[in-house]
Amino acid sequence: MARQNDTFICQSCGAVYSKWAGRCDACGEWNSIELEPTEAAPPGGHTAKSSSRGKKIELVSLRGDIVQEPRIATGNKEFDRAAGGGLVPGSALLIGGDPGVGKSTLLLQIAAGLATGGANVAYISGEEAVAQIRLRASRLGLVDAPVNLASATSLKDILATLKANQSQVAIIDSIQTTWSDTLPAAPGTVTQVRACSQELVRYAKSSDCVLLLVGHVTKDGQIAGPRVVEHMVDAVMYFESETGRAFRILRAVKNRFGAAHEIGVFEMTGTGLKEVSNPSKLFLSENEKPVSGSAVFAGIEGTRPVLVEIQALVSQSSLSSPRRAVVGWDSARLSMLLAVLDARCGLNFGRHDVFLNVAGGMRVSEPAADLAAAAALVSSLFDTALPAETAIFGEISLSAAIRPVPQVDARLKEAKKLGFSSAIAPMNVTGGTLELQKFETLDDFVRWLRNR
Ligand code: TYD
Ligand code: MG
């Protein structure tokens with residue numbers, strides 16, 4: 001029987017309810033709402049009975065002494081890049097990802113790199129025994145790195161250890177296995193995850209220790225439990241992989257100390273994660289001759305230019321409502337492009353199945369990819385290949401105008417570096433060492449391609 005003060009929390013997204021329900025209104029998950037005993041108030045926090053008035057806080061100006069401690073470089077360029085140039089003392093990072101994607105492997109390598117560089121690093125695992133971690137370390141060739149290793153799950157013990165050891169970097173693998181004995185909730189529940197993270201983050205801030213929290217993700221891409229941690233930490237990174245592929249992308253989705261959307265690219269090998277310093281090569285397929293339906297998009301991930309191939313297949317359909325399928329691209333964006341091609345350029349895809357695929361398992365979300373996707377679609381429809389060695393970028397508006405995009409120079413430079421000789425771009429683009437083919441509207445582009 002539920003008591004008056006009981007709260008019910010969705011274990012998937014952390015939404016709070018006063019009574020039980022079968023489905024969470026906030027995230028739509030079924031059977032995720034569970035009774036949580038009322039949380040203890042945080043130390044120094046307000047309780048219902050607190051009657052003290054609170055003391056006046058001193059307000060200060062924006063100008064003042066800034067003590068900027070140097071960032072701690074991990075020695076792993078791809079990781080440092082995703083983290084915005086190294087770790088900031090006293091900051092907390094959440095690294096989320098599917099089970100098995102390689103989070104523990106990555107962090108063990110990072111720990112070893114930091115320790116070898118002279119930092120005092122504690123790697124605390126609640127998921128694996130010390131022997132298992134040693135086994136992995138020997139496989140990765142890292143046994144000689146002076147990492148302080150422990151297998152523990154109790155928050156109290158972990159905090160005491162970090163304090164006694166004066167760790168500069170603490171890796172907690174994972175936040176779902178850490179539990180505080182002051183709470184009656186089971187480990188991994190939202191209540192535990194939130195409380196333990198709060199404690200750990202508070203410790204990090206007060207001791208200038210860098211905290212790296214590992215969190216597991218659920219199938220739909222949300223970090224279960226750890227999602228409630230996102231606002232507490234300074235940076236959130238997701239470690240992603242495409243099924244059946246060896247490369248992994250570490251993507252910063254939030255970073256208080258650097259650019260968000262920065263990516264680091266790795267390849268999982270038999271001896272751990274290898275840095276991939278030139279990811280464009282990975283995402284371009286090696287077509288000998290230009291083929292129809294293939295366009296190379298000159299994209300930007302964070303501050304890094306990445307070239308990716310966008311492939312389209314447009315084929316006659318026998319279905320009354322033809323198929324639309326996308327991989328690595330937003331399906332609403334595809335519908336918009338098809339509508340613009342239909343309404344503004346007179347190209348009807350109503351009797352065609354349309355498939356759009358971003359090669360290499362990359363995910364593209366930049367609007368600047370519109371023109372490349374449209375070019376791939378039109379190229380497949382006409383069965384006309386786009387010119388060879390040509391990179392494409394430009395955003396398409398509903399009026400079919402090709403709009404300017406940011407960071408043009410970086411895009412052109414990357415294309416040049418990879419041996420491209422020309423670019424299809426919006427009107428405002430100038431300079432660069434590539435031959436430019438500029439269009440004002442999508443209609444102009446379609447007419448140009450039709451006449452090739
Ligand atoms: P792991 O780091 O344990 O994943 P997570 O902590 O995210 O759950 O990675 C486990 C996977 O990585 C496992 O399927 C085996 C693979 N792997 C390699 O391919 N090469 C290696 O050198 C290591 C250590 C793991
Ligand atoms: Mg792990």
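On a 1 Å grid over the protein atoms alone, a cavity is a set of points where a 1.4 Å probe fits but cannot get out. Grid points are joined across faces, edges and corners, and a volume is the space filled by probe spheres set on the points. By that account, the structure you have here holds 1 cavity of 30 Å³ or more.

A word on the ground rules: this is a predicted model, in which local features need pLDDT of at least 70 and side-chain atom pairs count only at pLDDT 80 or more, while totals for chains, interfaces and linings use all residues. Residues are numbered from 1 along each chain as its sequence is written, chains are lettered from A and ligands numbered from 1 in the order in which they are written, and side-chain values use heavy atoms, with hydrogens and water left out.

**The cavity.** The largest cavity has about 60 Å³ of space. Its lining residues (those with an atom within 4 Å of a point) include Arg71, Leu87, Asp234 and Phe257. Sorted by class, the lining has 6 nonpolar, 3 polar and 2 charged residues; here Ala, Val, Leu, Ile, Met, Phe, Trp, Tyr, Cys and Pro count as nonpolar, Asp, Glu, Lys and Arg as charged, and the others, Gly among them, as polar.

An automatic or database assignment sets the domain bounds, giving domain 1 (4-39), domain 2 (77-277) and domain 3 (294-450). Between the C-alpha centres of domain 1 and domain 2 there are 27 Å. One open sheet runs β2-β1-β3 with antiparallel pairing, and its edge strands are β2 (16-17) and β3 (33-36). Strands are DSSP runs of E, at least two residues long, numbered from the N terminus, and two of them pair if DSSP finds at least two bridges between them. β1 (residues 7-10) and β3 share 4 bridges, with Cys10 opposite Ile33.

**The ligand.** Ligand 1 has 16 residues around it, each with a heavy atom within 4 Å. Gly100, Ser104, Thr105, Thr269 and Gly272 come nearest.

| Residue | Protein atom | Ligand 1 atom | Distance |
|---|---|---|---|
| Ser104 | side-chain N or O | oxygen | 2.6 Å |
| Thr269 | backbone N or O | nitrogen | 2.7 Å |
| Gly272 | polar backbone atom | oxygen | 2.7 Å |

**Backbone details.** Asp173 and Ser174 are joined by a cis peptide bond, with omega about 0°. Ser174 sits in the loop between β7 (169-173) and α5 (190-207); helices are DSSP runs of H or I, at least four residues long. Asp208, in the loop between α5 and β8 (210-216), has a positive phi near 65° although this residue is not glycine.

Conventions: 1 Å grid on protein atoms, 1.4 Å probe; cavity = no way out; pocket = protein on both sides within 12 Å on 5 of 7 lines; lining within 4 Å. Polar contact = N/O pair within 3.5 Å; in protein donor to acceptor, adjacent residues only side chain to side chain.
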